[in-house]
Amino acid sequence: MRELRAAVVGCGVRAPAHATACDGTPGVTVAACCDLDAGRARALAERFGIPGRYTDVARMREEIRPDLVHVVTPPAGRLEVVRAVLRGEPRAVIVEKPLALTPHEAESIIDECAAAGAELVLNHQLRHLSTAVELRDFLAGAPIGRIRAVRAGTRCDLHEQGSHLFDLVQAVLGDGFTFHRVLAQATGLVETGPTKGTPATVCGIIECSAGVQLAFACGLGAPGWTGTDNAWHQLGVEVVADGGIAGLSLNRGWWYRTDSGSGGALADLEAREPRAQRELVQSVVRRIREPGGAAGAPSSPREMVDLFAAVETSAYRRRWTAPGGGRSADCERLRRCLAESERAAS
């Protein structure tokens with residue numbers, strides 16, 4: 001069985017995590033990396049011993065013909081990058097979250113990957129954290145009874161970490177746990193960075209399967225989680241059930257408390273995240289090797305629907321009901337409304 005050739009497109013701060021995960025995956029070799037900045041491509045190539053370094057995706061695609069492509073570019077303009085990658089007919093594409101900043105681009109990426117026969121996987125490595133797996137297994141054993149409510153939050157904005165947050169909820173509660181209706185509010189605008197122009201804080205209620213309500217908040221206005229003050233680690237999920245509570249946060253670990261006792265495990269995220277990233281890549285490789293036969297990585301970026309639903313309901317101040325997923329016009333309408341509110345407040 002020949003080795004799979006991997007390529008990393010975008011050599012910024014997240015690229016080393018992807019290259020390291022590939023290095024730790026049997027049967028995979030990183031054959032190339034590509035970045036518009038030749039210096040960044042060279043630095044990544046030298047650090048990981050990558051033989052091919054490029055500044056042009058088309059040239060890399062034609063010379064390397066990678067089986068697995070990691071798209072680690074900023075979300076703005078990512079559709080064109082994915083299109084360029086797909087012309088090389090890769091077997092799978094792993095895309096950093098968020099998939100896109102508008103519903104149109106997200107849907108286009110999903111549809112074009114499907115048409116090209118390429119497995120599309122969002123880089124949701126958090127669902128592979130040992131703490132998330134342990135919490136999922138704990139809840140699956142039903143030791144705390146029927147789930148009544150869930151709260152989830154991140155101190156990063158909706159587009160930056162909301163995708164992770166919604167995916168983590170579904171990962172620990174089971175992929176059969178679905179979202180049906182959303183009612184959300186938004187305030188402020190992100191002024192800088194890769195998600196510039198998106199809502200600074202979004203909070204709301206999602207009506208889920210089995211009559212469960214999920215209260216969520218994304219942004220600096222979201223409630224924090226016990227542990228470190230690192231905003232990136234201020235992301236967590238907690239479940240309230242008939243017989244107790246259980247949850248996890250990136251800066252603490254996972255926990256449960258019931259009438260009969262308490263437990264869980266503290267976690268060092270910095271130590272556990274590389275393993276989670278590697279397990280995500282390995283799950284994708286299994287899907288490439290055994291199409292339709294291996295479970296692991298989510299193949300449908302469905303949580304993007306919930307993300308854009310939060311944008312839509314905030315823009316029009318009405319409840320959003322599945323199916324759907326928002327329109328690009330909703331993002332622009334909400335951006336205008338928030339900008340006007342900011343100007344009025346100042």
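Visitor: Is Cys-113 buried or exposed?
Guide: Buried, at 0% relative accessibility; buried means under 20% relative accessible area, exposed over 50% and partly exposed in between, with a 1.4 Å probe and protein chains only. This is a predicted model, where local features need pLDDT of at least 70, side-chain atom pairs count only at pLDDT 80 or more, and totals for chains, interfaces and linings use all residues. Residues are numbered from 1 along each chain as its sequence is written, and side-chain values use heavy atoms, leaving out hydrogens and water.

Visitor: OK, how many disulfides does the structure hold?
Guide: 0. Cys-34 is in none either, with the sulfur of Cys-11 as its nearest, 7.0 Å away. Cys-34 also counts as buried, at 3% relative accessibility.

Visitor: Switching to the sheet: what's the strand order?
Guide: β3-β2-β1-β4-β5-β6, an open sheet of 6 strands with parallel pairing. Strands are DSSP E runs of at least two residues, helices H or I runs of at least four, numbered from the N terminus; two strands pair if DSSP finds at least two bridges between them.

Visitor: Which strands are at the edges?
Guide: β3 (52–54) and β6 (119–122), each pairing on one side only.

Visitor: And what does β1 do with β4?
Guide: Residues 4–9 of β1 pair in the parallel sense with residues 68–71 of β4, over 4 bridges. Val-8 has His-70 in β4 as its bridge partner.

Note on methods:
Disulfide = S-S within 2.5 Å.
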